[in-house]
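Student: I have a model open and would like to learn how to read it feature by feature. Could we go through it together?

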Amino acid sequence: MRAGVRQLIAGNWKMNHGGTSGLELAEKCVAIARRAPAVDIVIAPPFTVLAAVAHECSAELGEPGPGANAVAIAGQNLHPGDSGAFTGEISGQMLRDAGCTWVIVGHSERRQLFGETDAQVAEKTRAALKAELAPIVCVGETLAERESGKTHEVVKRQVDAVLPALLSHGKTAVAIAYEPVWAIGTGKNAGPDEAEEIHAAIRDWLAVKSPELAAQIRILYGGSVKPSNAAELLAAPNVDGALIGGASLDAASFGEIARISAELASPRTTRPS
Ligand code: PEP
């Protein structure tokens with residue numbers, strides 16, 4: 001948590017809640033956002049419900065007023081091209097048209113299961129920014145890489161690949177999610193000191209090229225974040241929020257993590273819901 005920086009709590013629904021259950025969960029996320037005005041809430045539903053969820057969230061929110069807080073919608077992936085013969089793919093502009101303002105790029109499942117390379121992740125990051133979508137670029141080492149002492153080398157390589165794109169972000173928000181692959185969906189999370197070490201290193205690498213980018217970018221932690229470990233992770237000095245998979249599918253857990261983040265932001269004024 002950094003003074004003066006709003007934490008970003010993002011839920012990655014992956015291949016879940018692609019129908020009416022997605023709309024029900026989105027409605028609950030609007031209530032969560034209302035109770036945590038000090039925190040930015042982003043949800044990434046599957047493509048099939050993006051437009052409906054975006055509509056639901058803006059309709060539910062009504063007129064912005066005191067304490068109103070929007071739920072922003074993210075795509076989980078995008079194709080780097082604008083349009084064309086790419087069966088099954090979705091462009092950045094299509095995500096915008098569906099109501100997205102964010103997009104997750106280079107998630108470890110895309111890298112590992114679908115063979116996305118650093119170069120492709122960089123291309124997608126560039127395409128996201130061209131469409132004025134704020135990218136959440138995921139980086140992180142595998143267990144084998146960690147055990148062979150390569151964590152810094154791997155994460156730096158992944159960050160370096162997207163750095164030229166991130167430097168051109170203009171007014172669009174940007175985020176990096178440090179997600180150690182061994183912690184995703186496994187129940188094992190990095191400890192706050194382990195997370196802080198990598199988050200601080202990422203910020204230092206960015207600062208060499210652009211102190212402004214290093215200050216502006218939000219570096220999220222991802223990997224088995226849940227209500228029981230959120231407070232210690234979110235309190236780490238260079239942790240600006242969380243990217244949450246499993247726990248974002250359950251409104252009570254996601255809401256509790258958002259509440260914890262809001263409480264860290266204003267410990268004296270935010271009460272448990
Ligand atoms: C993720 O997939 O981005 C993630 C962090 O998942 P989980 O919270 O389930 O580990």
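Student: In which sense do strand β3 and strand β4 pair?

Tutor: Before answering, note that this is a predicted model, in which local features need pLDDT of at least 70 and side-chain atom pairs count only at pLDDT 80 or more, while totals for chains, interfaces and linings use all residues. Residues are numbered from 1 along each chain as its sequence is written, and side-chain values use heavy atoms, with hydrogens and water left out. Two strands pair if DSSP finds at least two bridges between them, and strands (E, at least two residues) and helices (H or I, at least four) are DSSP runs numbered from the N terminus. Here β3 (residues 71-75) and β4 (residues 102-105) pair in the parallel sense over two bridges, and A74 stands opposite W102 in β4.

Student: What does helix α5 touch on the sheet?

Tutor: Contact means heavy atoms within 4.5 Å, and angles run from 0 to 180 degrees between N-to-C directions of lines fitted to C-alpha atoms, for helices over the stretch in contact. Helix α5 (residues 118-130) packs on the sheet and touches β4 and β5 (134-139), its direction making about 165° with that of β5.

Student: Which closed arrangement do the eight strands form?

Tutor: They form a closed barrel in the order β1-β2-β3-β4-β5-β6-β7-β8, with parallel pairing, and the twist averages 25° from one strand to the next.

Student: How does the radius of gyration of the protein chain agree with that of a compact globule?

Tutor: The radius is taken over C-alpha atoms, and the globule rule is 2.2 Å times the number of residues to the power 0.38. With 273 residues a compact globule would be near 19 Å, and the 17 Å of the protein chain agrees.
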